[in-house]
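Thanks for coming. I would like to take a few minutes to walk through one structure that is new to this group. Please have a look at it before I start.

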Amino acid sequence: MRFGIIGVGGFIAPKHLQAIQELGHILDCAMDIHDSVRVLDQYELDCEFFSNLEDLHLYLQDCEAQEKCLDYMVICSPNYLHFEHIKFALSHGIHAICEKPLVLDPGEIDEINALEKKYNRRVFNILQLRLHPNLIQLKENVQAELLKEPDKVYEVSLTYLILRGKWYLNSWKGDEDKSGGLASNVGIHFFDMLLDIFGGVVDNVVHVHQNDCVGGVLTLEHAKISWFLSINPEHLGVHRDSAYRSLVLEGNEVDFSEGFDDLHTQSYKQILDGEGIGIESVRPAIELVNAIRCMTPEDLDETCHPLCHKALHAVPAE
C-alpha cells in the first residue's frame, strides 16, 4: 500500500509513520507548512515532501496520470483543517485515515458521508482507546453484567490530567474555534470510549469550562460519570508525571495507565483489514464534545467531580 501524510511535522505524526513502516507499507509523500521534518529520515528517505497543498495536489495529479495513485492519505493536521484535508484526499480517489477528532462540526459528518459515496472511498478515524486491552476487557465485563441486570447504571469517575506548557494556550490548540477546546482535543478518546461501553447520552451537565480545564457530569444509558480534564499543573497534586489517567468504576480503579505503545499500529491493521472505525461510529462522540463546547456551566453540586471545586475556588497567583 502507498501512503501520503498531511501534517507530518506534528506531534502525533511519528505514531502513524511507525505504523506504516512496521506493517511493511510505503510512505510515498508528505506535506506540512513547516519544513522541520527531519523525522521523515527515520522512516522513508525517498518520501516526496511538499510545504503546501497546491504542490501536493499537482503531484497527486501526476501520480494519477501514471496510474500510481495513493491508497491512503493520513491526516495529522490541526483539528480545524481535518474536514478540508479529508475532502482533498477523497477528491483524489484516496481513502483517508484521520487523527482525532474527526471534525469539529457534527454537520460535516453528513458531508463526508456524501463525499464517501461520491468518490467511492472511505474515511477512518483513529480512536485507539477502543483497542486498549484493559478497556476491551471492561466492555466485555459490562456487557456480561447488563445481560443479567439490563437496567443497571454504573457510578463512574473519569480524571485526565496532562501537563502542557504555556505554549499550548498560545498555539492553535488554545483557540477553541480551531481545536474544539479540551473536550475535543484531549477528551474525545475518553468520551468515545465511554459511549462505546455505556451507551448513548441521557443527560449532560458542564460545571467548569475554562481554557485550561473542563469538567461536568455525563449521564449515559448505563453510567453516571463525573469527569474532569485539565492541562493545569496545579490540578495534578501529588501526580507529577506528564499524565494522570484515572477511571473508577463502582469504586474500583480500571488501569489503563500503560499499554499505548502499539495502538496506532493495531488501528492500522484493523483499517487495512476493512474493520476500521468509520464516520458513523464516531458521530456520537463528535456530537457530545460539540454540545459540551457550547454549554453554559451550571452551579456546582454534590454530584460534580471534586476537582471542579478546586478549579473554581483556586486562589489567583499574585
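This is a predicted model: local features need pLDDT of at least 70, side-chain atom pairs count only at pLDDT 80 or more; totals for chains, interfaces and linings use all residues.

Let me start with the parallel sheet. Six strands make it up, and the order across it is β3-β2-β1-β4-β5-β6. The sheet is open, and its pairing is parallel. As a reminder, strands of a sheet pair through backbone hydrogen bonds, either parallel or antiparallel. Which strands stand at the edges here? They are β3, residues 48–50, and β6, residues 123–125. Each of the two has a single partner strand, so one side of each is left without a neighbour in the sheet. On average, neighbouring strands of this sheet are turned by 20° against each other, with direction ignored.

Now to α2 and its neighbour, α3. Two packed helices are described by the angle between their axes and the distance between the axes. For α2, residues 53–65, and α3, residues 82–91, the axes come within 11 Å and cross at roughly 15°. That angle is under 35 degrees, which means that α2 is roughly parallel to α3. The crossing of α2 past α3 is right-handed. On the α2 side, the contact is made by L53, L56, H57 and L60, and on the α3 side by E84, H85 and F88. Sorted by class, the contact has 4 nonpolar, 2 polar and 1 charged residues.

Another helix on this sheet is α9, residues 263–272. It lies across β1, β4, β5 and β6, and runs at about 145° to β4. Which residues of α9 are buried? They are L263, H264, T265, S267, Y268 and I271. These buried residues pack against β1, β4, β5 and β6, and also against helix α1, residues 13–22. After α9 comes G274, with a positive phi near 80°.

Next is the mixed sheet. It is open and has 6 strands, in the order β8-β9-β10-β7-β11-β12, and the pairing is mixed. At its edges stand β8, residues 201–209, and β12, residues 252–254. Each of these has a single partner strand, so one side of each has no neighbour in the sheet. Neighbouring strands are turned by 20° against each other on average, again ignoring direction.

Helix α10, residues 279–294, packs on this sheet and touches β8, β9 and β10. Its direction makes about 40° with that of β8.

I will finish with β7, residues 154–162. With β11, residues 243–249, β7 pairs in the antiparallel sense over 7 bridges. In that pairing, L161 has Y244 as its bridge partner, and S157 stands opposite V248. With β10, β7 pairs in the parallel sense over 8 bridges, and there the bridge partner of T159 is F228. How many of the 9 residues of β7 are buried? The count is 8, so β7 is largely enclosed by the rest of the structure.

Terms used:
Residues are numbered from 1 along each chain as its sequence is written. Side-chain values use heavy atoms; hydrogens and water are left out. Axes are lines fitted to C-alpha atoms, for helices over the stretch in contact, and angles run from 0 to 180 degrees between N-to-C directions. Helices (H or I, at least four residues) and strands (E, at least two) are DSSP runs, numbered from the N terminus. Angles under 35 degrees count as roughly parallel, over 145 as roughly antiparallel, 65 to 115 as roughly perpendicular and the rest as oblique. A crossing is left-handed if the near helix is turned anticlockwise from the far one by less than a right angle, and right-handed if clockwise. Contact means heavy atoms within 4.5 Å. Ala, Val, Leu, Ile, Met, Phe, Trp, Tyr, Cys and Pro count as nonpolar, Asp, Glu, Lys and Arg as charged, and the others, Gly among them, as polar. Two strands pair if DSSP finds at least two bridges between them. Buried means under 20% relative accessible area, exposed over 50%, partly exposed in between (1.4 Å probe, protein chains only).
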